[in-house]
Amino acid sequence: MNEALLQFIWQHSLYNPAGLQTVAGEPVIIIYSGRINRDAGPDFLEAKVKVGQTILVGNVELHNRSSDWLRHGHQNDTAYQNLILHAVFENDVAEVAANTPTIVLKNHISEKIMETYARLIKTTNKLPCAGQHTFVKDITKESWLSRLLAERWEQKLSDWNVLLENSAEDWRNLLYWRMAANFGFKTNAAPFLMLAQSLQLNIPTRHKDNLLQLEALFFGQAGMLNGDFIDDYPRELQREYEYLKKKYKLRQIPEGLWKFLRMRPVNFPSVRIAQFAALVHKSLHLFSQIIETHSVKEITPLLEVKASSYWDTHFRFDVLQEQKSPKTLGKSSIENIIINTIAPIQFLYAARQDTSILQELALLLLENVPAEENVITRLWEENNWPAANAAQSQALLQLYNNYCSKKRCLECTIGLNIIRMQ
Ligand code: SF4
């Protein structure tokens, strides 16, 4: 037994309540287990129990062994002076909590619960509950996935709220920064965000009708126009950038931040920057369009961009490709942007406006995007829990990264149901 499991058993009333009694022999009925306390102090607050003929309301402390009371120094701590109950798994030292009724739970807890928990915690399987979660009802799984998605967005959007505050609540700026980070995808998200933050939105907006100037601004600020070039195109960008740099007193970010290694050439940051410049060039009022549009079919054309013609034959400056290939933003990249930027920004905007209908629409948008395909979603699929859409794949990513991989099965609805079945 460990204390986390004992707390879990107490919280969800997974013990057998028949014949519970204090070590002094008084009968005990647990009317309400109490509210779990994650802060300092007793484990459960505001519990309600009947000891003998007396109903008590107050705090409960749980321990694996009664001697833990002394080991934790509770005898000298005023926070533990007014407990209504001390619940222990084993009573190895008698009467440690003076004036507090003590109950021993060992004979009220099924061994199967402990065995199931041990299996979940000790397995080396990447998915500790593989083979067991299939017994959990679909409706339970679906509601857990909805909560996980909400949790994922809450974590993600708290950072976005800070960005929004830093930009004087300018939503166009937030969209510009997050969209840029998204164009960097996982590997180059950070330098892409730095790039956008190094170039205030009003500057590219002023030059949005001139694609060459936009490219000069973004490539120049990215530090990718330093050095000598052979091709006319980067040389022309260099000249434009020199002029714009002086005009706006710009300071570029270090070129060394960009990662090209182990990437498919089509995802090289050079290609992505050219596509991002094309998006800024194309998009008139992108923020209002994105906020007002809730169908994948209508959003997709807004994001369908192609890098300028130089990039049809290049992945990097001065390196000619063998075969021509236009660098359009592909379907999966567009879906990735809807999942990671558009749906969350719509949700945040709706939350700030306190509009639940718009929040629902943002969630619905995600449900209409196909599930992501990656190592984690494949793992779920191999274990009979395929994601039906992007809302579910996002929730399953959250579940794996924040619960399964950290063995937080006791905090997971699936874990609770698996243990409850015992
Ligand atoms: S955290 Fe939940 S879903 Fe993940 S392995 Fe544990 S019980 Fe299964």
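Visitor: In which strand is I29 found?

Guide: The model is a predicted one, in which local features need pLDDT of at least 70, side-chain atom pairs count only at pLDDT 80 or more, and totals for chains, interfaces and linings use all residues. Residues are numbered from 1 along each chain as its sequence is written, and side-chain values use heavy atoms, with hydrogens and water left out. Helices (H or I, at least four residues) and strands (E, at least two) are DSSP runs numbered from the N terminus. In that numbering, the place of I29 is in strand β1.

Visitor: What is the relative accessible area of I29?

Guide: Buried means under 20% relative accessible area, exposed means over 50%, and partly exposed lies in between (1.4 Å probe, protein chains only). I29 counts as partly exposed because its relative accessible area is 48%.

Visitor: Which strand supplies the largest share of the nonpolar patch?

Guide: Patches are made of residues with over 30% relative accessible area and no salt bridge, like charges being joined within 9 Å and nonpolar side chains (Val, Leu, Ile, Met, Phe, Trp, Tyr) within 5 Å. The nonpolar surface patch here, made by I29, I31, Y32, I55 and V57, covers about 480 Å², with accessible areas taken from the Shrake-Rupley method with a 1.4 Å probe and, for residues, only the protein chains shown counting as cover. Strands β1 (28-32) and β4 (54-65) each supply at least two of the patch residues. The largest share, three residues, comes from β1.

Visitor: Which residues have the most contacts inside the largest nonpolar core?

Guide: In soluble globular proteins, nonpolar side chains tend to be buried together. A nonpolar core is a set of buried Ala, Val, Leu, Ile, Met, Phe, Trp, Tyr and Cys residues joined through side-chain atoms within 4.5 Å. The largest such core in this model has 130 residues, and those with the most contacts inside it are W10, M179, F218, F219, F317 and L399.

Visitor: Which residues does F219 touch, not counting residues up to four places away in sequence?

Guide: F219 is one of the residues with the most contacts inside the largest nonpolar core, and contact here means heavy atoms within 4.5 Å. With residues up to four places away in sequence not counted, F219 touches M224, L225, Y233, L237, S270, I273, A274, W311 and F317.

Visitor: Is T22 buried or exposed, given its relative accessibility?

Guide: T22 has its place in the loop between α1 (3-11) and β1. Beyond residues up to four places away in sequence, T22 touches V28, V51, P101, T102 and I103. Because its relative accessibility is 4%, T22 counts as buried.

Visitor: With which residues is N173 in contact, leaving aside its neighbours within four places in sequence?

Guide: N173 belongs to helix α5 (residues 171-183), and because its relative accessibility is 14%, N173 counts as buried. Leaving aside its neighbours within four places in sequence, N173 is in contact with S167 and L201.

Visitor: How far apart are the closest N and O atoms of E46 and R35?

Guide: A salt bridge is a side-chain nitrogen of Lys or Arg within 4 Å of a carboxyl oxygen of Asp or Glu, and by this rule the count comes to eight. In the bridge between E46 and R35, the closest N and O atoms are separated by 2.9 Å. This pair links distant parts of the chain, eleven residues apart, with E46 in strand β3 (residues 44-51) and R35 in strand β2 (residues 35-36). E46 is partly exposed at 46% relative accessibility, as is R35 at 40%, and the N to O separation asked for is 2.9 Å.

Visitor: About how many helical turns separate D68 and R71?

Guide: D68 and R71 form a salt bridge whose closest N and O atoms are 2.8 Å apart. D68 is buried, with a relative accessible area of 4%, whereas R71 is exposed, with 63%. Because D68 and R71 are three residues apart in helix α2 (residues 68-71), their separation is about one helical turn.

Visitor: What is phi of R262 near?

Guide: Most residues other than glycine have a negative phi. R262 sits in the loop between α9 (232-248) and α10 (269-282) and counts as exposed because its relative accessibility is 81%. Its phi is positive, in a residue other than glycine, and is near 55°.
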